[in-house]
Amino acid sequence: MSELLEVSDLVIEYHGTSIVRAVDEVSMTIAPGEVVALVGESGCGKSSLARAVVGMEKPRTGSVSYRGSDVPFLGVRRRKAQFTSIQMVFQDPNSSLNPRVRVGQQISEGIRAAVERGDEGSQPEEWLERVGLPTEMASRYSHELSGGQRQRVAIARALAARPALLVADEPISALDASSQASVANMMRRLAFDAGAGLLFISHDLAIVRLIADRTVVMYRGKIVESGVSDLIWNDPMHPYTRALISAIPEPDGKGNLPAAPAAEAPEEWRSSIPEALDRV
Amino acid sequence: MSETTTPHSADDVNTAAGPMLTIDNLTIGIGPRNKVKSIVKGISLTLSPGRVQGLAGESGSGKTVTSLAILGLLPSNAVVGGSIRLGETELVGLPRRQLNDIRGRRIAMIFQDPSSSLHPQLMVGTQLTDHVKRHLKYSGKQARAHAIKLLDRVRVPNPEEALTRYPHQFSGGQRQRIAIAIALACDPVVLLADEPTTALDVTVQAGILHLLRDLADERQLALLLVTHDLGVMSAIADDIAVMRHGEVVESNSRQEIFSHPQHAYTRELLASLPGAAGFQEATE
């Protein structure tokens, strides 16, 4: 099996006054060139899972393996070159870009990571063009750009490192509605062109539906349904997936209210349905 | 398990009552005296009883500033021109004391993030009864009974017990329901809702949308819904105004906006929706 990423029986817990199990025995895989969407409500564990994939979270038990080796926990030391081909795009570009470094230089840092791994070099301007920004932006600082432009820069920086696996945690929710769909589509296209796997986390189901080959639905730390996107969207099996899909308001101008669940968290959403997993 | 999803009709509207709130050629500039930045450039809108008026547009288009101006909540260096009338009362330039009698009493507001609009250190019961005692001169006992009724209406479970709990003890959706109950406590005629479901999960959002639509209908509330989400807009708005750069570029019934958008910007917004015809080309 030539999986790019293999998460097996991953458990992540946060120990505070009480123990919170954010990710509860989750297993999933991503193949090269595949776009996998991770959806679910806030607090369902999707961000914890993403952070574990890049090594920002220590698994309690279980493992995250990338090209056959375990992803080490990120420390203050530089990551080994073999893991710099995992890149991440965060929700808020303000906190992921360095305010004191010019845009072009930040993208160059990504390029350097690629070169150090023995990959082909490139110019920052190429990446700016690819994400739809003018090349003059290379000499600007991030605070001179709009929120949408900043997120494009963050994407350009991640892509410049020529990732084989790109993890994007809510990369479009800070953008204006009119650019969300186009940025999501752009990420899909660029990842596909580079043959990279893309783990795309979003609560915007309408967009996920358009770009993901496979969809993974999480609820309270567990995967309740997963498989080929079309199957899940057109014929959801798990009650939570069903509620999730029918709650999306359709922008058709017809004045239809989306179906609302009877309670905020019906008990049946916790049920486990083995047939709803890995649907093909 | 689900509430029914019947399309509501926008045609059976009682327009004889006339508008509740009239915004006429409203201009808003913000900044120091010598360099005031123009944020809203002469917009006109009317809110009518029982109708949901949507205000759509991107961030920075002036939609939130417009809703804040109605309640006189703009920063002190804002310059407001034009007119906002509640019935016969002109709100622009109204002295603060008189404005205080209108805020929360005749016009109420709910915000995007209920965890920041509710007071974290006050019990829900206190936040639900303070303004009722002030505006409606209810006794403590009357106000408490009123609060229980309201919480029950917005479907917060165990209303009596909820009164003695704090906001952080509720989920995001329940908190927004509580914020709505607080807004409705003095029986306002106008409700301003600024991105009321944006911070909520989609299943929770659906419940809040049902609630807002039902409340507008049963209380004949004039509701101003500010949102960038055209799905939300399509679900509950009767009329929609599209704002861009501080101007209303198009204003029409929901059906017309979605089926026959006139302005190029409205068409652009609709085309950017995932799944819209032309979406693929627009992104290439």
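Which residues in H3(A) and H5(A) meet? Val103(A), Gln106(A), Ile107(A), Gly110(A), Ile111(A) and Ala114(A) in H3(A) meet Val153(A), Ala156(A), Arg157(A), Ala158(A) and Ala160(A) in H5(A). Two residues are in contact if their C-beta atoms, placed from the backbone, lie within 7 Å. By class, this contact of H3(A) with H5(A) has eight nonpolar, two polar and one charged residues. Ala, Val, Leu, Ile, Met, Phe, Trp, Tyr, Cys and Pro count as nonpolar, Asp, Glu, Lys and Arg as charged, and the others, Gly among them, as polar.

The model is predicted: local features need pLDDT of at least 70, side-chain atom pairs count only at pLDDT 80 or more, and totals for chains, interfaces and linings use all residues. Residues are numbered from 1 along each chain as its sequence is written, while chains are lettered from A and ligands numbered from 1 in the order in which they are written.

Helix H3 of chain A spans residues 103–116, and helix H5 of chain A spans residues 147–160. Their axes come within 7 Å and cross at roughly 25 degrees. Axes are lines fitted to C-alpha atoms, for helices over the stretch in contact, and angles run from 0 to 180 degrees between N-to-C directions. H3(A) and H5(A) are therefore roughly parallel to each other (angles under 35 degrees).

Chain A has nine helices and ten strands. Helices (H or I, at least four residues) and strands (E, at least two) are DSSP runs, numbered from the N terminus. The C-alpha atoms of chain A fill a box of roughly 55 × 50 × 40 Å, taken along the principal axes. Of the 280 residues in chain A, 49% are buried (20 or more other C-beta atoms within 10 Å of the residue's own, with C-beta atoms placed from the backbone).

Chain A also touches chain B. The contact takes 34 residues from chain A and 43 residues from chain B. On the chain A side, helix H6 (177–193), helix H7 (205–211) and helix H9 (239–246) each supply at least two residues. H6(A) gives the most, with six residues. The residues of this side divide into 20 nonpolar, eight polar and six charged.

The predictor gives the complex an ipTM of 0.82 and a pTM of 0.86. Chain B averages a pLDDT of 89 (the predictor's confidence in each residue, from 0 to 100). In chain B, 90% of the residues score at least 70. Over residues 1–7 of chain B the pLDDT is below 50. This stretch has 17 contacts in the model beyond near neighbours in sequence.

How values were computed: A residue is buried if 20 or more other C-beta atoms lie within 10 Å of its own, exposed if 12 or fewer, and partly exposed in between; C-beta atoms are placed from the backbone. Angles under 35 degrees count as roughly parallel, over 145 as roughly antiparallel, 65 to 115 as roughly perpendicular and the rest as oblique.
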